[in-house]
Amino acid sequence: MLLLQSEIASILLNGLQQGAIYALLGIGLTIILGTMEFLNLAHGALYLVGAYTGLIVFQETALSNGLLYSSGITTLGFEGGFLAALIVVPIVGFGIGLLMERFVAEPFYDRPETDQLLVTFGLALIVEETVKNVIGGNTFQSIAPSTILGVNVSQPISLPLVGLFPSWRLFIIAIAFLVIGLTYLAIERTDFGLVVQAGTHDSEMVRILGIPINRSYSLVFALGAALAAFAGLIGASIQTVSPQIGTQQALVPAFLTIVVGGAGSVRGAIAGGLVLGLIISAMTQTYSQWAQIVLYLFVALMLVFKPEGLFGSAEVGE
Amino acid sequence: MARDTTALSRRDVLKASGAAGAAGLTGLAGCAGGGGGDSEYPAIGNYPVEGDEVVFGFNVPQSGSYSQEGADELRGYNLAKDHLNNGGGWVDNWDGLSGDGVLGKTVASVEGDTATDPDTARQSAQRMINRDNAIMITGGSSSGVAIAVQGLCQEEKVQFQCCITHSNDTTGSECVRYSFREMFNAYMTGQALAPVLAEEYGEDLNFYQLYADYSWGQTQQASMEQFFTEVGGWNQLESVPTPLGTSDYSSYLSDVPRDETDVLVLNHYGLDAANSLPQAIEAGLDEDMEIVVPLYNRLMAEAASGSIDGIFGTADWNWQLEDDATQSFVEVYREEHDRAPSYGARIAYTQTLQYAAAVERAETFYPPEVIRELEGHDYSGAGLGDETMRGCDHQAQRDVLVMQGASEEEQTEDKLLNIVSTTSRDDIGYACDAGPAAECELGEYGDE
Amino acid sequence: MSGDRSGDATDAIPDGGTVTEETAGGSGGSALAGLRERDDFVVVAMAAALVVFPFLLIDILGAVGDVIGISIGGYTGLPSLVLIYGIIVIGFNLLLGYTGLLSFGHAAFFGSAAYSAALFSQVVPSPILMVIVGTIVATLLAWPIGFVSIRRSGVYFAVLTLTFGQALYFWALGPGSWLTNGDNGFSGIEAHGLFLGAIPLDAQLIPVFDSYTVMYAFTAVVMLIAVWVGNRIINSPYGLIFEALGENEERVEFVGLNVFRYKLMAFIISAVFAGVGGAMFVIHEQYIHPTTALYWIQSGDFVIMTVLGGTGSLVGPVLGALVFEYVANVISGVSLPMIGSIGSLWRFVLGAVFVFIVWVFPRGIYGAFSDLGSRLLGEDPEEPAVADGGERE
């Protein structure tokens, strides 16, 4: 199939948008894995929490089943709008990350990685089922606003080459890359970032140098959680929200992203997310039945022939 | 196949020995036991029913993406159980139902979780059949599950009453003797929708399809192609498969040629449609073309409520229908649950009563006789006027509703869709040697 | 394989002293402990357990359920299903528990065997041949996947194995549905019975005891073979090397053994068990669907069962399979007085059980029991076994 220029352009845009979500998930997972050598299967649950927090902050939603509904609460939410959600969701994610590091991760730092996987997998089940039983198993519609900062984002806009493209998605791509960029700068340019970087290379060395690594641990974990929650908010603004999204849409892509990019590398997670996003969007637009198959085989080939990933050091995560 | 004819199944042996044992014991007391002359038939499946209870198995999704739909089916089932035992609802109006159990036996139920996964559903049905001695299994909210469970039920010689399943295959290539479907199918959706759309949008249009790449989606898109082409003289530009469970359709939607396409058909069900429809509207496709979602359900209408305004589709049934049966069902359901039932609840309720009524007519739980009672049975009073459960493929011949999404101002908690028209069963359907039925071979009753 | 083994036995002898000592189990003292030291004790104990298992699961629990008014009894297909998963996780544990390799892709072997057996049954519906064919296919698939995967470790190994399983899953569901019947599932599988169809698999084994079917006996025999083979492997030089690999790979390499080769062998052996299980699953269910056969959640279930049961012992994981399948298939249908139907809550229960076990009994259910047993017998609790005892360096 010969690709038209406009098709290439729309593949790029769709790929960027999907890749941005993967990258956000991947950065969060990779800094936690790199710094603490902690494998977090509850990363999808953080995405889920972000999506539901976004839903609750964004608008008042009618409930139709679940514990809240049966105890007489029929609507839930604040009508806060999307900008409020943009601020609140990462803060909630950050807070949950702090708690999780303290009460779930810390007791397991010295346990084998299978124990870490299992306890966080169990935790993910509990979070998912709690959301389902409290708020209800409904599927809620996505939470895109019609205007933001006075600009109408509900109508598609005409772009050169691409043609019509949903303007909301352009906004999403912009804001996601802004956050990705800021995170990158924070890790590359600040003292905190130095600790993270050093930690991903050699956490024992950092400890020996007398840097209070435990406090940094909490902060790194919380930052990772905040990014996952933020990814959930972005996802919720373009896709429906239901209790299964954490496991079905976030968990596996997050892991694929970090191994393609190289575990422990922030730059790698960004590149990995974008590469995977582009593969998915290019394949679905051409040979859709083979999209997922090609995606997984690509990751397999990467791992076989370039095991250190695009930017990683091969030691982390082994 | 081999074992149906040659080997006596384990449970046959068990039942026979159990029945013999029971007869031996109660024989001392001078009574052969069993209700209503049941003992005249040989043991098969979970027949004969012993004791004064009869067990129905309600096998619905309780975890996973369709748990909400499963919960509403379960409400319909429990209402049916309650009415069968204590009277009320349609039980008071249907012939043969007494409100005092079925054949004098109290109806009990067991529940299972299908998780919308065929193997899990079979496992759960197996438990109901083997441990709980369920005489009838019903449920499901996907065609994959319905096909998997009805296959098991045919092997086990236990009746299956389909709930939500819309694929042509359920009563087509994968049909079985022991299963009956009250719901309509993709083929009938095509027949009902095509004339309405040709009327509404005109003739000689170009349409473009996206379809979920599994049993239901494939039959749905084939039926849409057939009837849009035949009825309206429309021309299909392309039909693109999308993997089941896709959540972001933007890449597929980017590919839709805006200039040439007049109608975009989104053959997605439930959660898939809840994503694809809003995303199509977000991309502004509704400005260049008409969008059609062939099959509506509440789950999808709720989750895409902001995007369904004016969108055509079909539905099994709707609480806004004005006939007496509908109104009485909606009333009893509302009393219990404070809102209107979805069509899943109606099918669940109907299918349970339908089975019970067939047992009463047959005067036995003996499955082959119950099946013969259901085959070719004409009935009404299930909310859709006159219906026939056809003998050749076990597909109900019934009216189909064409629906249109309500605008956001019009919408209430219960009212998300408006009824556009009811397509009479005389204008849809197909002969026993045509359409999906041509591929159907029902298999054996088990008493041959 | 057996030819190989004798060759390696001699290779391994010089190294034997460094890794064997603790494995023989607790110190003697009581007669029971003496019996436990016998190599084949585990096989005998398993045989005894298999004889009473369906009776306990179906009849006893069923009777208890009748008394307390809550349906907690098993059903006729459940014992076989537990054993089938048990066979798989015994093999999975050889990989995870002994060599410490965590695979998230064993559904690929389970599923490919299941589909091969299903397809083969359309030609020759013999259960034994179905198992053989399924296992061969799983083994042939495991060799190349293992060959490229075990060069990686940790999360890279887990994800690499996952990718192969997922690629197969999406193939079976989409482009491969001409072969697999896609989402409609592969049905119409007829295994015509043992001994050229003379004994149908769902026939009753013993009169009156309806919990015992020929299928169960067949599964139980395969399970015993699996335990016996597993036991032979872990007590052979191979097993000791596997264990040493989990403990310290470099040390094994240092003494001159080919680490790659032993890891590959462990991987293939575990895939053989998964293949046997996959083919047995198809014979038992007479149906297979891509989600059950190949989706990563299935691989995840193997991990859960294994760790739940306890990775430190041969048969521990079987307990995990029992608990998992019991919760998923029986507890999920329980209706409690007051609370009502558990239905939608069972996954919550599973998650909670899971976190509790991992947190409190890091050695799994089996570990918890054996600690308790040792304490009652006045022995010191056994040292935590290698791969789950927190000895990462």
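Figure 1. For "transmembrane region", an unreviewed UniProt entry lists residues 20-39, 45-68, 80-100, 168-187, 217-238, 250-280 and 287-305 of chain A. UniProt positions follow the numbering used here, feature names are shortened, and annotations may be inferred rather than shown by experiment. Residues are numbered from 1 along each chain as its sequence is written, and chains are lettered from A and ligands numbered from 1 in the order in which they are written. This is a predicted model: local features need pLDDT of at least 70, side-chain atom pairs count only at pLDDT 80 or more, and totals for chains, interfaces and linings use all residues.

Figure 2. Residues 20-39 of chain A are 85% helix and 0% strand. Their end C-alpha atoms lie 22 Å apart. Residues 217-238 of chain A are 91% helix and 0% strand. Here the end C-alpha atoms lie 32 Å apart.

**Figure 3. The fold of chain A.** Chain A has eleven helices and six strands. Helices (H or I, at least four residues) and strands (E, at least two) are DSSP runs, numbered from the N terminus. The C-alpha trace of chain A spans about 60 × 55 × 35 Å along its principal axes. Of the 318 residues in chain A, 60% are buried; buried means that 20 or more other C-beta atoms, placed from the backbone, lie within 10 Å of the residue's own.

**Figure 4. Where chain B touches chain C.** In this view, 37 residues of chain B are in contact with 34 residues of chain C. Contact means C-beta atoms, placed from the backbone, within 7 Å. On chain B, α1 (2-5), α2 (10-28), β2 (106-113), α4 (118-130) and α5 (143-156) each supply at least two residues of the side that touches chain C. The largest share, eight residues, comes from α4(B). This side of chain B divides into twelve nonpolar, twelve polar and 13 charged residues. Ala, Val, Leu, Ile, Met, Phe, Trp, Tyr, Cys and Pro count as nonpolar, Asp, Glu, Lys and Arg as charged, and the others, Gly among them, as polar.

**Figure 5. A helix pair in chain C.** The axes of α6 (residues 127-149) and α13 (residues 259-285) of chain C come within 7 Å and cross at roughly 145°. Axes are lines fitted to C-alpha atoms over the stretch in contact, with angles from 0 to 180 degrees between N-to-C directions. Residues of α6(C), including Met130(C), Trp143(C) and Phe147(C), meet residues of α13(C), including Leu264(C), Phe267(C) and Ile283(C). The contact of α6(C) with α13(C) has 18 nonpolar, six polar and no charged residues.

How values were computed. A residue is buried if 20 or more other C-beta atoms lie within 10 Å of its own, exposed if 12 or fewer, and partly exposed in between; C-beta atoms are placed from the backbone. Two residues are in contact if their C-beta atoms, placed from the backbone, lie within 7 Å.
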